[in-house]
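Me: I would like to go through the labels used for this model, asking what each one rests on. Please set each value against its definition before concluding.

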Amino acid sequence: MLGDPRTVRVSGDETAAVYRRAADAGAERRPGTREGRPVPEAYVWCNLTSGNAARALWLLLLPFMVANLAHWMRPTTSGRQHTVRLYGLIVRLVGLTLTVLLVAAACEVSLDLTAWQCAGAPACAGRHSWLGFLSPSASGHGWWSLPGRRLGLASLVPTALTGLLWYLSHRTWSAYESQEPMARPAGTASGEEPLGTALGRPGFWYGRRLVARLRAAHTAAGFLTVAAAVGTAAARYDRLHGCVELEVVGWLVSAVLLAGTAVVVGVVCRRGRTEDRLDRDPDSEVVRRLPAGAFVLLLLTIVYAGWSRPGWRSAGRLPTDVAFGVLTLAQTLLVLALAAAAHVLHRTRPDTRTAMRGLAGPAVALLACALGGVMSSGVAQRVADWLDGTRRTMAGPPVLLTWQASAIPPLLLVLLFVGALLARRTVLLRRAEQTAVELGYPGEHKEPARTLRIAGARAMAALTDRAPLVVAVTYATTLLLGAATLVGAFATGDTPEGAADTMPSLVHGAASVAQALGSWLIGLGLLLFVTWGRRAYKDASARRTIGILWDVGTFWPRAAHPFAPPCYAERAVPDLTWRMATWTDATGGRLVLSGHSQGSVLAAAAAWQLEPATRRRVALLTYGSPLERLYGRWFPAYFGPAALSALHREVACWRNLHRLTDPIGGPVGLPGECGPQVDRAPLKDPLVYGRTGEHPLPAPILGHGDYQADPAFGEERELLLARLRPGLPGPRSADTPPAPGTEPGGVDQGSSGRSSG
């Protein structure tokens, strides 16, 4: 970024820091040596998303991250504050069901398949000697062989998983959410500034209290899920065959579990984010002690289930079919309610550029639920196959999970059809672009192969704009298939293959193929998932690849799920804001804030957090920016046209560079005369068509990278620096007072995207 191998860190730590060239260190104290030139410095933040090997564990949190995205995809609205709060509440409840689903999947593997079914079946336990002490036949009805004690011992696995999730959330909470933004005077809240977005609110990047509250609720929900899995089987036996005393205890345990569940749901529903101020108030003692109380209840439930019941034998499955069915039904109803709320909000201020007419949030929430279901069924299917193989000595996982796995092949067929349509459209667009490519390079000898490559790059880059279609088709298909699997599982009580036994051979064959193929596809996906995670744990370059995936997903604060990967912007945005504000206050100078790719989003977010007077001393230079193409369409309430237009009015000046071959960046596309003021015409890519004296070798197609290699980058930066110098007319109208300044140049500060480090 600085174009010099000799760099020094001026501020920050190993995670994120500001660097300068060694020759520019302390340049403000030596003004005579600068000769009017700006001082470049770089803010490097890549370690926030791809740092140490623990980042590999973030792959387990993928459904949580996707659910958190749904919170921020709320459509732009006018008024309707009650509906806005309802939207956030529904997404938080979806996040809670995902935590319960993950812990329930761990309970299914360890409690049901292993401790209940395999250890209770002599043939299965005989093939796994490590289960011998749990098997009544192998251990001679030893102390651990009672079903309740087996379940209590097996509950260590989901309990440890819940504890791991709590640890990861608390660790990242201490490092990310605990970074305080700059204190803002009372008169600069977003309600008094025409910023057009909530990103300028003082408390937007400080979610410490909400994450702590949600973490307590979700941790308690995990422990309560384990307690329910352990205690339900014992309570059911006591109601049918047990003594009166144990039956009464069972009812008491069930009542306390229900009360704990109500408290957890109440904590999640109670309140959302506080953005108008820095919320440093501690939560109540009840909320902070909620995980400890749930853990104590889990221990008491284990003691209750482990009480001696001589006639109790494990047979069939634990009552997990109903549990997974209720959970799936609840998620479906929540997603439908979220879609209704999103539709109401979108109708108040419809915008044609908003992805999926405002339904992107519900679609992504459903995708999060589907990912959680696939991961759960995949683990359960693979563990069942490993324990039992094809010997059928176990009842196996719940039939609903088998139905869900069988829905994967039809979904892939639909997506393959959509992919074929997009491929056809890309081919047609490539043909159409060939004429535009030739007109863009007049006077040069044309080669069909070269023209085809450039046109193909443009056509492939345009596929990004078709992402709403793919998500919409996936959303509709997943919703229909999910409803079909739920009805099929409850109506038949059997697997798809078993349910189709009496049907025509064609239907039976299709059901058998879908069930077998779905099981293998889930197994393959799980294998790839584990392999990728293992590679990311050992290989820093693989972690950087995961970091690219997290750039968008972890930009947003954890508003819906506390176990999602942490929000790096809660560290990066205050870093940039503090640096710009303190530097301008100390020097009275001006600066150009340049950002590539995701760095341009950080640059805009940091500019919104500045005081108005400081913001007018900052010029923006964005390139390869997804501000409108991705964020403006998918997160319209925060990066919509009104918000970006307000940013253009508030900063000193703003220029944006993009290419037609860039699949990520694009124009900002502000309405009216603001558009040409911000967006430069698309840059040529490649810079020259063929061989020239300056370019004797064929110029590469750069796409999303190397914007700084284009002469237009230097031209725009110099123009911005010139417009910032005192004494020259600014880009604003006459009623905007000029910003004071003493420095003839300023700082050229870069906030890089992933490709630039």
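Predicted model: local features only at pLDDT ≥ 70, side-chain atom pairs only at ≥ 80, totals over all residues.

Reply: Two strands count as paired if DSSP finds at least two bridges between them, and strands themselves are DSSP runs of E with at least two residues, while helices are runs of H or I with at least four, both numbered from the N terminus. Residues are numbered from 1 along each chain as its sequence is written, and side-chain values use heavy atoms, with hydrogens and water left out.

Me: Why is α8 called roughly antiparallel to α9?

Reply: The axes, which are lines fitted to C-alpha atoms over the stretch in contact, with angles running from 0 to 180 degrees between N-to-C directions, cross at roughly 160 degrees and come within 9 Å for α8 (residues 208–240) and α9 (residues 244–270). Angles under 35 degrees count as roughly parallel, over 145 as roughly antiparallel, 65 to 115 as roughly perpendicular and the rest as oblique, and therefore α8 is roughly antiparallel to α9. By class, their contact (heavy atoms within 4.5 Å) has 14 nonpolar, 4 polar and 4 charged residues.

Me: What makes β4 largely enclosed by the rest of the structure?

Reply: Buried means under 20% relative accessible area, exposed over 50% and partly exposed in between, with a 1.4 Å probe and protein chains only. In β4 (residues 591–596), 6 of the 6 residues are buried, so this strand is largely enclosed by the rest of the structure. Both faces are covered, with Leu591, Leu593 and Gly595 buried on one side and Val592, Ser594 and His596 buried on the other. For the protein, buried residues make up 53% of the 757 residues.

Me: Which strand pairs with β4, and in which sense?

Reply: Strand β5 (residues 618–623) pairs with β4 in the parallel sense over 6 bridges, and within β5 the bridge partner of Ser594 is Leu621.

Terms used
Nonpolar A, V, L, I, M, F, W, Y, C, P; charged D, E, K, R; others polar.
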